Number of protein chains: 2
Amino acid sequence: MTETTTPRLRTGGRAGRQAARASHHIARVPFLTRSLAPFEVLNEEGLATIEHNADTILEQVGLEFRGDPDALRLLADAGADVQGERVRFPRGMCRQIVQATAPRVFTQYARNEANSVQIGGTATVFAPNYGSPFVRDLDNGRRYGTIEDFRNFVKLAYASPHLHHSGGTVCEPVDVPVNKRHLDMVYSHIRYSDKPFMGSVTAPERARDTVEMARITFGADYLEDHAVILSLINANSPLVWDATMLGAARAYAEANQATLLTPFILAGAMAPVTAAAVCAQTLAEALGGMTFVQLVRPGAPVVLGSFASSMSMQSGAPTFGTPEPALVLYAMAALARRLGVPFRSGGNLCASKIPDAQAAYESAATFGPTILAGVNFVLHAAGWLEGGLAVGYEKFVMDADQCGMAAVFVNGIDMSENGQAVDAIVENGPGQHFLGTAHTLANFETAFYRSEIADNNSFEQWQEDGSLDAAQRANAIWKRMLRDYEAPPLDEGIDEALQEFIAKRKASMPDSEV
Amino acid sequence: MTETTTPRLRTGGRAGRQAARASHHIARVPFLTRSLAPFEVLNEEGLATIEHNADTILEQVGLEFRGDPDALRLLADAGADVQGERVRFPRGMCRQIVQATAPRVFTQYARNEANSVQIGGTATVFAPNYGSPFVRDLDNGRRYGTIEDFRNFVKLAYASPHLHHSGGTVCEPVDVPVNKRHLDMVYSHIRYSDKPFMGSVTAPERARDTVEMARITFGADYLEDHAVILSLINANSPLVWDATMLGAARAYAEANQATLLTPFILAGAMAPVTAAAVCAQTLAEALGGMTFVQLVRPGAPVVLGSFASSMSMQSGAPTFGTPEPALVLYAMAALARRLGVPFRSGGNLCASKIPDAQAAYESAATFGPTILAGVNFVLHAAGWLEGGLAVGYEKFVMDADQCGMAAVFVNGIDMSENGQAVDAIVENGPGQHFLGTAHTLANFETAFYRSEIADNNSFEQWQEDGSLDAAQRANAIWKRMLRDYEAPPLDEGIDEALQEFIAKRKASMPDSEV
């Protein structure tokens, strides 16, 4: 029998019919728990060298903490050498401060506690795309995002069994003034989902608004010892933390809420082009940011973030799906483990403008490493297109499907007696198919991940069904998900209080586009 | 700075301009040499359990060796319990025979020795798609393959720097009678490429024709101690080796040529649905096949093959890109390493009918594990569509691009001083971009893998260029490759002798479609 003259089995026989009758539900889990050891690309010596280099960077050139005199005072008091806005750290200082108080693992609580997620350790949490000004779907193409799009993506993430988190700025709702849109975004996460969410970081007062809305939702005291907001604090690489990000980070840390401290590095522009250099600089910048947060409030949850992309030498544009950032991802995951803090990276990243083969190859080239490196918090797990400039409806459901596959993969191989199934093989004998055996019948329904999007039919059947591509099938799926969406219950009193808060805040300031 | 408001850099500055002027050549290597330890999904205990189960299968139920009395005699003489065509092996017998004489690593020689490949150890060799009756391209859609298509794919594999091997039945040339097409196929590999190739296995005499053509090309004596043919011998799972495959394997082994002994398992049909069971059965079947080859000619190169797919419970069709076969792949790679033989698996497999996002996600879900598991010989590395029923021209160049990325990835992180680039970071300082720094200028040209297919331009530029998808760009690439193709030199005397041999063989038998 050659590999390709294998006849397609058009019917699964008794087992197939039986399975087709049953509906298939893989138990939804609030986050993945990996059972496999992470893949390593550097040995102990290589990792120690990068740590040494990060310390050299922190010691010799240091970081700038811009526009935030309080931050400079805090860092100087802790032992850093502060000259103007330049902060140099004695070797080992940052590591010591972070390791002394930052939790290795923490829980981000959702308003539905069944959806609370563990951040760190062997947990992996999938959150949707973040920050795109544009949205795309097959019907209307590419256009600016609106608050309606925003709500749609919140609903899709809520409805998807494969996403664990509602995310943050899933798209920019550009039809709402910049200085007010955070209120509508945070409200949407609370109102249309009961999964955990992210807060605003575009200004310290918007971070404080986010905290206030969380207090209304969860109770003010609750936040003191429960992280319910996780927010993205990006470095302004190379080697700069700016006032906006420091202010937002401070607002969250003061409320004991969690932050992702993430150097965003387009290698060649914000760092040297080589992977080892990107790693050392990322580690240095993240250590500086996490140190600041721990000084603001010791014990406030922090996540070491890494976002690294390669670039096109023709245009200077970010490129995705290349092997170099994958190597950075693996190394950074190992460095976060050694430091003892949760790690954020990865996602389904691509440069493609549309959900085509380029988008999928590129996304998989980041998402594979995301899973095998053991990333704890995966932003951009679904929807990302065009280097993040757009979030796609079809791409969202395609990527969510990949998240579902990862949930199976991380469980590894079932080595139970049932998994080994030696008797089933021995009893069946040579040349007899397994379609109707007792073992197959007992295991068929949950044996294999079933993609909603993939078409596995015969060529003829596929043609008869309209010769659709994956994006066209995904188009039908997100529409069905929105049609079937039902909002989770929300206490009316809380809802009113939130709306009142939003109305008051909106009334307190004129519209502004900054 | 948020991750998505990062302005696209439209120009790479000095570095970009300089790099754009230079042409970029990554040195072509005849095969990949991996520097990273393979990813493991089972621990020592799990792997030992599967080995034990394989022995249980071989001992208790055994394998059938059908229609080949010589094989039965050989196996009985070596200590197997032979009842009719059923052959049961005492525990450990197969392992002992294989480990005693099968090489851990061998070289498959190409007629251009610069293209000879190492099979086994840390080497990975990419070979194209195998066995599809249909071909597909954007211009003409799906149609039966012809000898012209076959030649085209040989030329494309020859022209691609990312493929190391010319493969075998890259497509079925259905315009040539079945009993004669092997002659045209083998001739095409020799005439239009100088990379290593695979032989015919559809009948023992066709295998002998392949050997004869190799003797004409390389010299008869040369074959005695040089493997120049590598051929695909598939088990008829479950637990059967049939006369055709045994006969072909014998023909190659007698000539000291290499074989891939590959159980082809659609889990649920040819084996139980569980990964651990698929692994044990695959190992048992492959051990039986390799034992037979070692008995025919001790020391003849063999490769342990594994081809496992999941299936759709709706239709019974094979499914690809699911997590379960990836787990099988990782485990089988580890089992082959423990046995001490080279391993064949993986590829860019998919069920999609067209080179869309489904094709790419699915392909990547097999190809990623292929690389991280350390597969030695990767059949179907480029072109596979539709569960192997079709090979696509566009898919071929897309997949080859992924092979190129893997070549970079397997080198791991450059930890040289230049790779670490600490000084470049320290000297550059906070807030200064790296586009024009000395380190960037010195490294830019080789810093990042450059895909020929990916479009990384701005949305506006992409629109201006016609809003093409990846398949449309790939279409232009394969056409250009065929247009630019130049045949490698072939000694005229050898060419004449080959043509004479083919003419004589064709004249010796009437056309037949079996």
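Q: Which cut-offs separate buried from exposed residues?

A: Buried means under 20% relative accessible area, exposed means over 50%, and partly exposed lies in between (1.4 Å probe, protein chains only). In this predicted model, C94(B) counts as buried at 1% relative accessibility. C350(A) is likewise buried, with a relative accessible area of 0%.

Q: What conventions apply to the numbering and to the atoms that are used?

A: Residues are numbered from 1 along each chain as its sequence is written, while chains are lettered from A and ligands numbered from 1 in the order in which they are written. The model is predicted, so local features need pLDDT of at least 70 and side-chain atom pairs count only at pLDDT 80 or more, whereas totals for chains, interfaces and linings use all residues; side-chain values use heavy atoms, without hydrogens and water.

Q: How many disulfides does a search of the whole structure find?

A: A disulfide is a covalent bond between the sulfur atoms of two cysteines. The criterion is a pair of cysteine sulfur atoms within 2.5 Å, and the search over all chains finds zero.

Q: What share of the residues in chain A is buried?

A: Buried residues make up 68% of the 514 residues in chain A.
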